[in-house]
Every structure is written in structure tokens, then in C-alpha cells.
Amino acid sequence: MKRTLTTCPYCGTGCMFYLLVDDKDTLVGIEPSSEHVTAKGQLCVKGWNAHHFVNHPDRLTTPLIRKNGILEEVGWDEALDLVVSKLKQAQSAGGKDSAMFVSSAKTTNEENYLMMKLARAVFKTNNIDHCARLCHSSTVIGLMETLGSGAMTNSIDCMEKADCIFVTGPNTTEQHPLIGTRIIENVTKNGAKLIVADNRKIRLARLADIHVRWKNGTDVPFLNSIMNVIIAEGLEDNEFISKRTENYEELKIVVADYPPEKAAEICGITAQEIVDVARMFAAAKRAMIVYSMGITQHTHGVDNVKCCANLAMLTGNVGSPGTGVNPLRGQNNVQGACDMGALPNVFSGYQKVTDPDVRKKFEKAWRVRNLPGEIVHTVTTAINAAAEGSLKAMYIMGENPMMSDPDQNHVREALEKLDFLVVQDIFPTITSDYADVILPATTYAEKDGTFTSTERRVQRVSKAIEPINQSRPDWQILCDIAALAGYEGMKYDSVSDIMDEIASVTPIYGGISYERIDMIGLQWPCPDRNHPGTKILHVDKFSRGLGKFSPARYRPSVEMPDEEYPFVLSTGRSYFHFHSGTMTRRSQLLDREQRFPYVEISPQDAAEHAIAPGSWMYVATRRGEVKVKANVTDVAKKGVLFMPFHYKEGPANLLTINALDPVANIPEYKVCAAKIRKAQ
Ligand code: SF4
């Protein structure tokens, strides 16, 4: 049995494990790594089953071109020629920014860097984005403004050092299971205090000292009111505030408008709950905030993130072990895709495209002229532009917007209107149903590269088996397209050469190389080859110098319940499945555990609508209606429905609303108005 150490392709926790390959070069199993700092010899159920989908018969194995409405197998040369000529044709007709490049949090850092380079250096547009737009773009912007870096401030092992953990927005035991385990161990073994703000009674809520079930979308008044109490009772850290921060007076003015009684009414909780949370959080020597998409996926997502940062700074909980503002990143490499500049406004390392000196630096390194400085589209506005007809072409690598973007009918309309769509993926998806060209890529098991975990740890992905049939690693496909488009600057002998180039132009990755990150990786910032990596950010000073209090005022969610649609619908992930389900639903064991689309509904709501547990029912919003199974559970609060978004036959995103945060353009997945009925 050959053992190859690599990194899990699912969540951002970043566990490393061994892929087991038999003497016929077949992937047969997984073995955890006991040496790895995060895994410590453990894996969750998805990790244990991360090999099953690799050899699934549905794999895309040859390039396909749509001819007379039918997808036909073709050779690589024909497919790639068509991609280059059609992208150029779209740009000649509609301008450089009429093409959109969608990168992928599933692919490696090297591949995200190359997609970014292809868009900017070869096709001369900043229309490059990926699914961080849908999950943590508000984190990147909110934490950058307040702290100077849009990443998790601390490390996963800090979960064991906190005296108080405030969890708001993630269902950690299901979505980042090994991080959830660390939190549970700290609470049960060390007696750490646990505050959970979530209207679902998630597993952590059952262990919590305080569980607050506020109304979805009222995070800003809730967090402002906590700060109001802390200031009113003199519990703030004045030394930290005066030495390390700015704009405190502005924060005081804004949070003064959120006394507990007023905020409690908005949030649907008691004033005493707010006071209790404020006192418990402020009293802890080391208090940590852990948040995720429950905070970020709102039309006020950036405001929510800023409030989290404000609370941490107010109590001096930044820059030391067991503290910090810790956004848990969902996909295996969503942190890395952001770091690599697969975003419209920055090159790798968050270097701004609007800065002429930065553009000059990249022009020199890439040996090109006139890199674009205009920011035009995010992935969410690109879909709107395609629906309106102004965006002509899309190149989608490893993403599935038909499943993951809000308002599926709107996305369908957009994809149908495009002049040209190329999808590069490992399996056919409902997005590739609309493609003119499909390019077969390899899975993580068939290629080399790196992923960056939620704690900024850059780790190796190592090839265990040869690419299946004619599939090719994404990085090779991107290099071939660049060469066909006439660009000489994307020729590499190996993937490690790409990382060397990344390190040369990206200061936070300056000291990263394959030799250095072999077994457990390195955490950025790692500016040079002698630097040991950084476990905790903002230790002596913030990345922006002083931490900036950035207060926000309450703005209600866009679509609130009313008489016709009396429920709040929220969406998210489940324990057994992952995102649009392309991999986990092709894993027999995972699919067996949760085979059908479902909605969590409270026992009271189910009884009022005569809906029996496990029966079929309909959930409808102003965008459409889907049939799902009723998961009748006290996890759900009365009046609130929760649907996972993994099922194409019961797509939650047929129902969600295409309303965007005005700064981050992140959709409001966590709040829209819905109604239900029993299926006959
Ligand atoms: Fe993979 Fe995340 Fe599970 Fe670890 S916790 S095994 S990274 S899915």
C-alpha cells in the first residue's frame, strides 16, 4: 500500500491525511495523520470518506463541445482552441470586461493564482472572483477595515486556550467538526465558558452557559447592545483601547443608541440575556469570538463583521492566545483563493489593483503591459449583468453557481443569455448543463499543489494517483489556454515553480516553499525563508497600525416575514454533505446518511400545518417552491425554517433572495420570507 500525505478537500479546518493506493494504482482508503497539528490522528466522517468520489463513474474524462445542442467528445486541442477564440470574440464584441472568470475555492493556491493571472495578464480584465463572494467577502472587507487583515486572527489550537468562547453564526460541530471538537473539549475538560448566539438549538448550544435565540438578521443591534452594557458598566479594557485603537469616541456614540431594552425588542430576546452575555464575555481573561456564515451572509454582513471586531477590541481580546476574531472559512481553500487574488480588487496578498505601483510590480514580474486598474464585476454582479445581456462570456472553474448562487431561476436566465460558457470541473453539474465547452479537471488526489486552511496554514496537496483518463489538473489547463492565447509567461516545469513565483510577488507568502511546508505547513504572514510563520496576528500592533473601531447601525434584512410568507428561511450546510453535493453525494456512505432534501421545522409549526415527521412538504418563497422532507426537530425555533443547500432535486437556492450587501456584494442567504404547505 502506497501512502501519500495530503490535505482534506472538504472544510477549511485543513486536516491532513494519507491517501492509500494499492498495487494497481487504485485509491482504496484514507488514514489520518497523527503528526498533523490539527488532525492529531482524527478525521470527521467526510474526511474518512474523501476518496470515494475520485473514481466515481460520473467523472468527466474527456473534453466536450456542444454541437447542434448536443455535447460531443472532442480532443483537448479543439476544445482549448474554441475556448480561446470564443473568449476573445466576446471581448472584441463587448469590451474586455464583458468576460468573467470564476475561480474556485476547491482548487489549489497555484491554480487560483494562475486563474487570476490569466484573467489579468492575458485577457486584461479584473473580472475575476470566486465563491468567497458568497461566504466570507464581508469578512475580508470588514476585518481589513478594522484590523488590517481579513483573516482569522488566531490559530485553531487557541480554541483550547480561551476562557470564554462566543460562537455566533457557525454550526461548528457539523461544518468544521474537528474545530467543534476542540471547543467541546475546552468547555467540558477545562471549564471554559461558552456563549452561543444562534436561533437553532445546535449541538454547541446544548453545552452552552448562555444560548441566545435572537431573530435572524438582528446581529448588529445585539452586538451593539453587548458593547453598550460593557461600556455602561465600565467593563471595557481602557489600556488596550487607548494604546492600540482609534475612533473609540465614534463607537461610544453609536452603541449608546442600543440600550439592552431597546435592542432586546428588535432581537426578540430579553434585556437580561444581553446583559448576561456582556458580563460573561467581558469578565473572561481570554475571550474569543468564533463566527461564520450566520454573521457574513446578510445584506449587512460587513456591518456584522465590523461589530465582532469592535467587541474584541473593546475588551482587549486581540493579539494574544485564546482570543481574537475568528471567522471559520468553509471550503478547503477559500482562504487561499482570497490570498491568491481571485478577487476583483486585489492581486495576490491583497495588493490593490487600483494602486499604480502595485500594477507596475506585477507588470514587471509577469512581463506584460497595461494591467487593468478598473474594478467592474464581482461574481454576483456578473450574474446580474449576464441576465441583462451586458456580460457575454463566463469561464467557470470548479464552481456551480446554479446551486450556490441565490435565486436559481435568475442564475439560469443569466447562463442561458451568455454567448459563451466554459465550465471546467471534475463532474457534470447543473451549471455545466448550460456550457458550450466542458473541460475535465482532476481531483485533489491526482495533482500537486497547496491549500490554505482557515488558520492561514499553507499545506501540501500531493498527487497519489495518475489523472483519470484524459482529465488534466486545472493548472495545466490554465497554462495551455494562456499559451494558446499567445502569452509566454505561464510556462512552468513543476507546480512548486508556481509557488516560487507566488512567493516572489506576494509578501505574506514570501517565505513559503514546498521544501518548508512538507509535513504540517506554515501559517502566513511568512515574509521570508527564515520566518517561522505566524500563529497569532496583531500581537504588538495591528496589521493596519492601530485597530479602528468601525461602528455600524441596524439595517433590517431586505425581505422580512409578512402575512403571506410568515416564516423566516435560512440556509446552510449539514454534517454529511458539502456545498453543492457534487462530491459527497457521490460518496455512498455519506449519501446514504442524508439522501433526501429536507427542511428543519419546529414541532409547533409542523403540528399547526399537520405535517408529520419525515413526510414530504413544500417550502415556497417569492422566487419558487421546492418539495422537501420535514425534519421536525426542536433544533428549529418556531417561525424559522432551515434548509441545507446540497440537493439539486430540492435546491434551497431556488428560494433564496438575490439581495446583496452594498459593500461586499454578498447575498442575503440567511433571511428571506417563506411559507409552507403539506404535500398530498
Ligand atoms: Fe476534512 Fe474538515 Fe472533516 Fe477535517 S474537519 S476531516 S478538514 S471535513
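These legends describe close-up views of a predicted model.

Numbering runs from 1 along each chain as its sequence is written. Local features need pLDDT of at least 70, side-chain atom pairs count only at pLDDT 80 or more, and totals for chains, interfaces and linings use all residues; side-chain values use heavy atoms, with hydrogens and water left out.

**View 1. The ligand shell.** Residues around the ligand include Cys-8, Cys-11, Cys-15 and Cys-44. By class, the shell has 8 nonpolar, 3 polar and no charged residues. Ala, Val, Leu, Ile, Met, Phe, Trp, Tyr, Cys and Pro count as nonpolar, Asp, Glu, Lys and Arg as charged, and the others, Gly among them, as polar.

**View 2. Domain 3 against domain 4.** Domain 3 spans 137-328 and domain 4 spans 567-678; the bounds come from an automatic or database domain assignment. Their centres, taken over C-alpha atoms, are 26 Å apart. The contact (heavy atoms within 4.5 Å) takes 26 residues from domain 3 and 24 residues from domain 4. The two domains bury about 2,100 Å² between them, 51% of it on carbon and sulfur atoms. Buried area is the accessible area (1.4 Å probe) lost on putting two parts together, summed over both. In domain 3, Arg-200, Gln-297 and Thr-299 lose the most area to domain 4, together 30% of what that side buries.

**View 3. Salt bridges between domain 3 and domain 4.** The count here is 3 salt bridges. A salt bridge puts a side-chain nitrogen of Lys or Arg within 4 Å of a carboxyl oxygen of Asp or Glu. Lys-201 and Asp-634 form a salt bridge through their side chains, at 3.2 Å from N to O. On the side of domain 3 that touches domain 4, the residues divide into 5 nonpolar, 15 polar and 6 charged.

View 4. Arg-3 pairs with Glu-31 in a salt bridge, with the closest N and O atoms 2.7 Å apart. Arg-3 sits in strand β1 (residues 2-7) and Glu-31 in strand β3 (residues 27-32), 28 residues apart. Strands are DSSP runs (E, at least two residues), and helices likewise (H or I, at least four), numbered from the N terminus.

**View 5. Backbone exceptions in two loops.** Most residues other than glycine have a negative phi, and most peptide bonds are trans. A cis peptide bond joins Trp-524 and Pro-525, with omega about 0°. Pro-525 lies in the loop between β21 (522-523) and β22 (547-548). Asn-469 has a positive phi, near 50°. Asn-469 lies in the loop between β20 (457-461) and α21 (474-484).

Conventions. Near = heavy atom within 4 Å.
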